[in-house]
Amino acid sequence: MKTESSLVVQIFTDGACSGNPGPGGWGVLLRYGSKERELFGGEKDTTNNRMELTAVIRALDTLTRAMTVHVHTDSTYVMQGITKWIHGWKKNGWRTSSKEPVKNADLWQLLEVSVSRHEVKWHWVKGHSGHEGNERADGLANKGVDSVR
């Protein structure tokens with residue numbers, strides 16, 4: 001993947017759900033040089049994992065050209081899924097090793113396309129631990145929940 005800029009986009013994402021399933025929200029903080037952009041949204045009936053995935057998809061799809069991107073997430077589900085598990089799921093026709101359908105396959109497929117457009121490095125951060133970018137993404141995800149209540 002050839003990217004057009006030497007600057008790196010820092011993306012902080014989070015998902016939230018009031019009940020699981022229930023009303024959910026996703027939040028994103030993007031940083032590019034000295035610029036910042038916040039995004040959030042929600043769905044009336046969803047799960048936390050769907051919101052975690054949606055946050056990353058929306059963030060990557062916001063970028064208008066191929067970039068070097070560092071995604072910071074507190075979701076091991078998203079990070080492990082896109083870097084490790086997805087290869088086996090695809091090989092097995094979107095089934096798990098126990099032959100069950102992969103949950104959220106629609107979003108995993110969208111995420112795979114979104115990731116393919118960029119050079120992505122993944123970073124796990126501990127949630128609710130005072131990490132500034134993660135705390136802001138969490139606040140935005142909660143705004144997303146509030147927007148659909």
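**The core and its surroundings**

Guide: Begin with the largest nonpolar core, where Ile11, Leu60, Val69, Trp108, Leu111 and Trp122 touch the most other members of a set of 32 residues. This is a predicted model, in which local features need pLDDT of at least 70 and side-chain atom pairs count only at pLDDT 80 or more, while totals for chains, interfaces and linings use all residues. Residues are numbered from 1 along each chain as its sequence is written, and side-chain values use heavy atoms, with hydrogens and water left out.

Visitor: What makes a set of residues a nonpolar core?

Guide: Its members are buried Ala, Val, Leu, Ile, Met, Phe, Trp, Tyr and Cys residues, joined through side-chain atoms within 4.5 Å.

Visitor: Which elements each supply at least two residues of this core?

Guide: Strand S1 (8-17), S2, helix H1 (48-62), S4, H2, helix H3 (105-116) and strand S5 (119-124) do. The largest share, 7 residues, comes from H1. Helices (H or I, at least four residues) and strands (E, at least two) are DSSP runs, numbered from the N terminus.

Visitor: What does Ile11 contact beyond its neighbours within four places in sequence?

Guide: Contact means heavy atoms within 4.5 Å. Among the partners of Ile11 are Val28, Leu60, Val69 and His72.

Visitor: Why is Met51 called buried?

Guide: Buried means under 20% relative accessible area, exposed over 50%, and partly exposed in between (1.4 Å probe, protein chains only). Met51 has 0%, so Met51 is buried. Met51 lies in helix H1. Leaving out residues up to four places away in sequence, Met51 touches Asp14, Gly15, Ala16, Gly24, Gly25, Trp26, Glu43 and Thr46.

**Loops**

Visitor: Why is Ser75 called buried?

Guide: Its relative accessible area is 6%, so Ser75 is buried. Ser75 sits in the loop between strand S4 (68-73) and helix H2 (76-91). Apart from neighbours within four places in sequence, Ser75 is in contact with Glu52 and Trp124.

Visitor: Is Trp94 buried or exposed?

Guide: Trp94 is at 18% relative accessibility, so Trp94 counts as buried. This residue is in the loop between H2 and H3. Trp94 has a positive phi of about 60 degrees although it is not a glycine.

Visitor: Why is His128 called exposed?

Guide: The relative accessible area of His128 is 59%, so His128 is exposed. His128 is in the loop between S5 and helix H4 (132-148). Its phi is near 55 degrees, a positive value in a residue other than glycine.

Visitor: Which residues does a cis peptide bond join?

Guide: Asn20 and Pro21, with omega about 15 degrees. Pro21 is in the loop between S1 and S2.
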